[in-house]
Amino acid sequence: MPVEFRLLGEVEMRVGGRPVDVGHARQRCVLAVLLAGDGNNLTAEQILDRAWSSPPGGGRHTLYSYISRLRQLLAPVDGADLVRRHGGYTLQVDPMSVDLHRFQHWLAEAGTAPEDTDARWLLEQALQLWGDQDAFAHLDTPWLNTFREGLARERYAAELDLADLKLRAGLHAELIPLLSRRAAQHPLDERLRGQLMLALYRSGRTAHALEHYQRLRSHLAEELGVDPGPGLSALHQQVLVADPALTSAPAETAAASQPSGALRVAPPERTPAPQPGVIPRQLPAPPARFTGRTGELAVLGAALEEAAATGETVGIAAISGSGGIGKTWLALDWAYRNLDRFPEGQLFVNMRGFDPVEQPASPYTALRGFLDALGVPSSAVPADKEAQVALYRSVVAGRRLLIVLDNVRDAAQAEPLLPGSPSCTALVTSRHRLTGLVTAHGARPVPVDVLGEAEARQLLDRHLGPARPAAEPQAVADLLAHCSGLPLALGILAARAVLEPRMRLADLADEVRHSTDGLDVLDTGELRTSLRAVFASSHQALSARTAEAFGLLGLAPGPDIGLAGAAALTAWPAPDARTALRELEAMSLIHQHMPGRWRMHDLVRLYAAQQARHKLPREVRHAALQRLTGFLLHTSHAAERLLAPHRPPVDIGAPAAGCCPLPLADQDAALRWFTAEHPCLLAVQRLALESGWTDFVWQLAWSMDTYHYRRGDLLQQLACWRCGLAAARHADDPVAQSLAHRVLGHACARTGRQDDALDHLRQALALAERAGDPSAEAHTHQALAVAWGQQGDDRRALHHAENALRGYQTLKDPVREADSRNDMGWYAARLGQYAEAREHCEAALALFRHHQHRDGQANTLDSLGYLAQRTGRHRKALEHYQQALTLLQEIGNTYDEADTLDHLGDVHTSLHDPWRASAAWRQALRLYEAQDRQDDADRIRRRLAAQAEEQPGATVGPVHDS
C-alpha cells in the first residue's frame, strides 16, 4: 500500500490512507529531519544538531535508539527504507510521497509553466497541501524553527504569485476579501498592497484603492521614515488618471481555469530536486565604509528595473572599470540595498579574471560551486559541461535569485553562469566593458570611474573620523591627490593612519610623496594612478618577519590560503603564522573572506610577489613553494587514504622539514578539507607542472582521485590525470606513466570515451611489461577486463580477468585475487559457463569475507544473484541480490546499487510479482537519472511502460521521461 508523509502541519505518516502512530514529539523530530533531507545522507551529528535543541545525554547512543524505533516502524512499509551509509543515515522514499517535496516541486513547475492557467493550477495544488498550522507543528528545535520560517516565506511568496496570476485572469472580485485580510497581517508589504489596490480599482472601487495607498504611505512614514517604492507610486498615479492599461483581462471560463491535459497531479521531475530549505547566502559582508556612487547606483537600479518591467529577459548589469576602482563594493552595496527582491538567495563567485598570479577561474568550476550551494546532489550533476549549464538554468528557473559574478575576464567566462529565467538578476563586474554581454544578452553597461574629490574626502573621513582630516587640510589634499580617487588606495592609507594614531597625516603624505619605489600603471594600462608608493608605505610599516610572510603569500598559488598552509609556506609554527596574518589583515593587505582562510586583492598580490622576487633569494622562494606543495600533497594523500582505505597507496616519501601535514580525524574531516583546499590543490599542481616537479604532479592527481569521483567531477579528474601523464612523460618515469595511463583509462571509460580508454590501457600494459612490473600488469589487465566488458565483448573481458588472476596469485594479493575471481565469475556467467562461474564467485566471496572487504562482498553477491537468475533459481537470486543491496546501501555505493535494483526487478518479474518489480525498477530509475546514465534509464522506462500495459495495477504513479 502506498505510504505518505506530512510535514506541512502535524508530522504524520499514512499507509494506505490510514494514519500510523509515529511516536512522541522527539521521534517525530527525528523523522521530520530525515524526511526534510530529501534522500541525502545525514551524519549522526547533523541529525542530533537538527532534532534536538541541545545535544542529549548519551549523544549517538540516544540517537541510535530513535533510529532503531523508526526502522521498526518502517520495516513493513514498501517504498520507505532507512539505511546507514558513510557514518550517517538516509531515509529513502519517493519525494512525491512527502507533502513538503511535492509543495516545492510544484512551485518550481509553476515557475516554468508555459501558460498562466497551468502555473495557477500548480500553485493552487501546492498551497492546498497546507492546513491551518505551520510546518512541523508543535515541534521546537532551532533548526526546525529556521526551516519552518523559510517554508513560511515560500508559502507567502507563492500566495502572492497566485494572486498575480488571478489578477491577470480577471478574477479580481474574488480576491478582495482574501487580499484585505492579508494586508491587515502584512501592513508594510508593498507588493500585496499593490495587488489589493488593483483588485479594488478593477472592481470599480477607486476611492478605496486610493485610500489603501494613503494608509500605507502614512504607515511607512511613521514606521520607517520612507515613501512607497517606485512601483507602487507608479500604480497610484495610474489609478489617479484612470490609466486604460489597468483594465482587467476578461474573466476566464470555468473550463479555462483547468490546466492543460499535459499536467498531472504529480508532474514528473524535470530536474534534480534541490535540498529542501537550501537558500544560498553567498554574498560577502557589506562594505562597511561605502561612500558616494549615487550616480552609479541610480544607473544600476534603473537598468535592472527596466529589465524587470519588461519581464522578457534576465536583468544583467555589466559593471566595468579599472582594478581597485570599487566595482565589487558597488555591486555588494546595491545587492544589500535590494535583498528583499531576492528572497530565494544570492550566489557570489570571484572569477579571478585579472589575477596577476592565478589563472582565471573556470566557469564550470564556479558552476559546480553554485549547484552545490543550491542543494543539487553531486550524484545528480552530469559530466558534460553543456548538460551542467542546462541543469543550472533549470534549477534557478522561476526563483528570485541574485547572481554576482565578480572580476570576470570576458563575456565567454561569464556566459555559462548567466541564468535564463527573468526572475533572476545578474551583476557582472570586470575591468573590461563586456561588449559581448551587452550585445548578445542585453546587459546594461554600468561604467565605474574614480571617486570625485568630495566623495574621496568623505571616504577618508569615514575611515578616520572628521576631526583628524579637518586638522590637517593640506596633508589630506596631498593624500587625495596621490590616491587620485582610487578607493583601494584610500583604504590602505587610511588603515595605516588608524593603526598609528600619533602619526601626523603630513608625515604619511610626505612618505608617499618621497617614495622612490613607485607602482607603475598595471596590466593593460587601465589604472589612472600609481599604487606602488601606497603599497610601499604600508609594506615599510610591517615588521621584518611579517614583511617576509607578505612576500611569500604573494607567490602562493591558489585563490586563498589557510593557516596551516601559511605555516608551511613560511616554515613557522602556527601561532607565529597567525600573528603575521593578523598584522597583514589590520593593514588591509589581506582579508579573511571566510573563517580561517585569507586572500589578497590582485593588485596587492602583484606588489607582494614583486617584493618577494626583489628581496628574497631564489632558493628561499623555491623552498617555500615546495613546502606549501608538499603540505597540500601529504595532507591530500592522507585524506585520500581515509576516503579509500582499500586502495593501494602510492609512495610519496616523507614531508620536507617545516612541512607539517594536517591530521584528519575521519572521512567527514577529509571531505571538508578537500572542499576548502580544492582550488589550491589544482593551482599547486599547475605550479608543480610548470616548475618541473614531476612527482608532485602525478601524486597530486592520485591524491584527488576519490574526491573527484565522489563529487562526480569526472572532467576535472581527467584534466588532473592528463597533467600527471605529461609530468610522468617529462620525467621519463615508466612506472608513473603506466599508472597515469591506467587511471586515465578508467576515467575515460566512466565518461563514455571508450576508444580513449582502451588506448590508454594498452599503453599502460605495454609500459608495465617493459618495466617488468607484475603488479601494474595485473592491475591493467583487470582494468582492461572492465573496459571490454562495458563494450559487450565478454570473451576478451574474461581473457583479461584470467591474466589479472594469474598475476595476483603470483603476487599473493588475496583481495585483488578475489576481485579477479569475481570478474571471471561474472563474465563466465554471461557466456553461459555456469559451473566455472559459480566456482569463481564462491571462492571470491570467501576471500572477501575473510578480509572484511564489504565492497567486494556486495559485488560478488550481485554476481551470484545473476548466476542464480540465469540458471532458473529465482528465490536464491532474490536472496543474493537483497544481501548485496543491504551492503551497497551501508557503504553508500549508489552506482552499483542501481544495477542491483535493476536485477531485483528482473527476478521479481520472473517470480510473477509485478508490484515489487515495479518498486525496484523505480528506485533504480531514480538512481540512473541522478547518475546521468541515460541508456539504463531509458531501458527501465520502457520496461515500466510495458509492465503498465500488461499489469495496470502494478505501477505506482506515472511513468515519465526525464
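Where is Gln852 found? In this predicted model, Gln852 belongs to the loop between helix H37 (834–850) and helix H38 (854–870).

Most residues other than glycine have a negative phi. Gln852 is not a glycine, yet its phi is positive, at about 55 degrees. His912 is another residue other than glycine with a positive phi, in this case near 60 degrees. The loop that holds His912 runs between helix H40 (894–910) and helix H41 (914–930).

Are these residues buried or exposed? Gln852 has a relative accessible area of 65%, and because the cut-off for exposed is over 50%, Gln852 counts as exposed. His912 is exposed too, with a relative accessible area of 71%.

| Residue | Phi | Relative accessible area |
|---|---|---|
| Gln852 | about 55 degrees | 65% |
| His912 | near 60 degrees | 71% |

**A helix pair to look at**

Let's turn to another part of the chain. Helix H4 (residues 99–112) packs with helix H6 (residues 142–168) at an angle of about 40 degrees, and their axes are 12 Å apart. H4 is therefore oblique to H6, since angles under 35 degrees would count as roughly parallel. The crossing of H4 past H6 is left-handed.

Which residues in H4 meet H6? On the H4 side they are Leu100, Phe103, Gln104 and Leu107, and their partners in H6 are Phe147, Leu151, Glu154, Arg155 and Ala158.

Methods
Residues numbered from 1 in each chain as written. Predicted model: local features only at pLDDT ≥ 70, side-chain atom pairs only at ≥ 80, totals over all residues. Heavy atoms only, no water. Helix = DSSP H or I, 4+ residues; strand = E, 2+ residues; numbered from the N terminus. Buried < 20%, exposed > 50% of the residue type's maximum accessible area, 1.4 Å probe, protein only. Axes fitted to C-alpha atoms, helices over the stretch in contact; angles between N-to-C directions. Parallel < 35°, antiparallel > 145°, perpendicular 65-115°, else oblique. Left-handed = near helix turned anticlockwise from the far one by under 90°. Contact = heavy atoms within 4.5 Å.
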